[in-house]
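Work through the exercises below with the sequence and the 3D structure at hand. Each task is followed by a solution in steps.

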Amino acid sequence: MKDRAGRRRARRFAIGTAVVVALAGMNGPWLYRFGTEKYHQYKINQPEYKAANGKWEIVEFPEEYRQNTIHAALLRTGKVLLVAGSGNNQDNFDAKQYDTRIWDPVKGTIKKVPTPTDLFCTGHTQLANGNLLIAGGTKRYEKLKGDVTKAGGLMIVHNENPDKPITLPAGTKFTGKENGKTFVSKDPVLVPRAEKVFDKETGKFLRNDPGLGRIYVEAAKSGQKYATGTQDNYTVQGLSGDDARNTYGIAEKLALDKKDFQGIRDAFEFDPVAEKYIKVDPMHEARWYPTLTTLSDGKILSVSGLDDIGQIVPGKNEIYDPKTKEWTYTDKERQFPTYPALFLMQNGKVFYSGANAGYGPDDVGRDPGIWDVETNKFTEVPGMSDANMLETANTVLLPPAQDEKYMVIGGGGVGESKLSSEKTRIADLKADDPKFVDGPSLEKGTRYPQASVLPDDSVLVSGGSEDYRGRSDSNILQARLYHPETNEFERVADPLVGRNYHSGSILLPDGRLMFFGSDSLYADKANTKPGKFEQRIEIYTPPYLYRDSRPDLSGGPQTIERGESGTFTSRAAGSVKKVRLIRPSASTHVTDVDQRSIALDFKADGDKLTVTVPGNKNLVQSGWYMMFVTDGEGTPSKAEWVRVP
């Protein structure tokens, strides 16, 4: 691979030099007038250049089908689900205008799909039956300090009655005993009954530990004079008798500070055949910016997010059972920042790379490590360079997945920090003592890099920005192929569109890559003009699709059990060097924990190719996969869809 990459770099240089010399010989002044842009377009469209570097093309939907795509997932039908929800647009949110599109990249068709609620900044993952599980989203947009007109914040409601819970409806008023100020709840809250506590040795009753409920409250009137500066106890209006004596609120400062986004509990399965959302039981916790990860038994773990009052969920993680469509809490709590990068390992434990996409304290849940969800034991993996710059980093399970090597790419400081890292860090989790070591560096510090695994075992790393949300016109128009065998980057054609926050990438069944989204904070270097959401889709065709021919693949079984084999037809069977099962992506906020490429053993006999699926259920999770075969030149077939039950 290293020699081939070197030959390709030399060939690209020779091609470019030959073209320049030829044009200069024809007419030097004409070459100058021709301009760098026209020459660039000429160069990147040469067959030789595309064969060495690939090509980027923009897909611009008709105006009526455009949207601010925040989430994307490849469906088992080969179509792409593009989800915007309100699309980071307060006006859309207020108008309850929530958008979803289905795009067929082969036929070029686009379809609008009714969207049941604001699935903006939701979590998603592929299910075994081919549906996409979607959970969480937006209940309230953030309000910056200065835009907040009513003081508000968290009220902890206490219930000291050990005999029954109490429900307080939305609109319940709380009045401070010391400050005399009244605050109103925005939603109903169920406060569990108090727990009786007894001495373990004597059995003697000690006390009642009150049940606690959390609710967001706002001042009854606007203005700074209705804010509070200290903790106070609050009387609950409208209660009488025992309820009045047993129920009260406690709140810290209730102020006109910035109010963060709030999450929702709603959950849906998206059916790719019916092309519609199907409502399932809601989560116990509201979540905005959650990560969903498949576990060893096929159930789905939901982690982190901002809750229904805009605070990070305090370690209350829960699990979805696709059979019952219900959620249950994990036995023990563990807190992570929002959108943590969590991957199922071959031993059934979960690897946390330390990468994340945003909210949460900078000293809780940031260290990478291996998590046993059942026992809650967490073993840190040391050696991470630029450990303070893992927010907005990308994490990819390097191919093939059997090697269990992870790469963490770029990242930046917590929040709106200007810090960004050019590092890549690689952890070999099969090592006796796993630790991170630095891989090849990027040219620039990069937040929000996209990373997609390709059928030839390379990884395309593209885009991102040097500063928070592309601030100061800092988008990075560069792309590289990473080759795991040589641990080297190879520069390829530059993308045409800048991509930073709210962007992502998806491997398509024909071997191309699609890129979506980008949400720059500003549109100019001086940071004076508001940014505009990038609605264009961009397609990257890798160099391997500009070769003379590609292997064919057809005729095999649609379902193959783990540990079993299936036989396919290919006229190029004898030249096949690799067979890969690639799980379809579900991408958002530099987080795609579904993405993995699994090597299959195979045997060729004439035009027949018999492949065997590994038996490890943690390596090969139940679900639909794209199966690619790759020849000796590294050229992949189009994918055949295969289901592993």
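**Exercise 1.** List the contacts of T228, leaving out residues up to four places away in sequence, and state whether T228 is buried or exposed.

Solution. Contact means heavy atoms within 4.5 Å. By this rule T228 touches N179, K181, F183, Y234, E252, K253 and L254. Strands are DSSP runs of E with at least two residues, numbered from the N terminus. Finally, T228 counts as buried because its relative accessibility is 8%; buried means under 20% relative accessible area, exposed over 50%, partly exposed in between (1.4 Å probe, protein chains only).

The model is predicted: local features need pLDDT of at least 70, side-chain atom pairs count only at pLDDT 80 or more, and totals for chains, interfaces and linings use all residues. Residues are numbered from 1 along each chain as its sequence is written, and side-chain values use heavy atoms, with hydrogens and water left out.

**Exercise 2.** Find how β11 and β12 are joined, and name the bridge partner of K173 in β12.

Solution. Two strands pair if DSSP finds at least two bridges between them. Strand β11 (residues 173–176) and strand β12 (residues 182–185) run antiparallel and are joined by three bridges. In β12, V184 is the bridge partner of K173.

**Exercise 3.** Give the strand order of the barrel.

Solution. Six strands close into the barrel, in the order β9-β16-β12-β11-β17-β18, with antiparallel pairing.

Technical notes
Helices (H or I, at least four residues) and strands (E, at least two) are DSSP runs, numbered from the N terminus.
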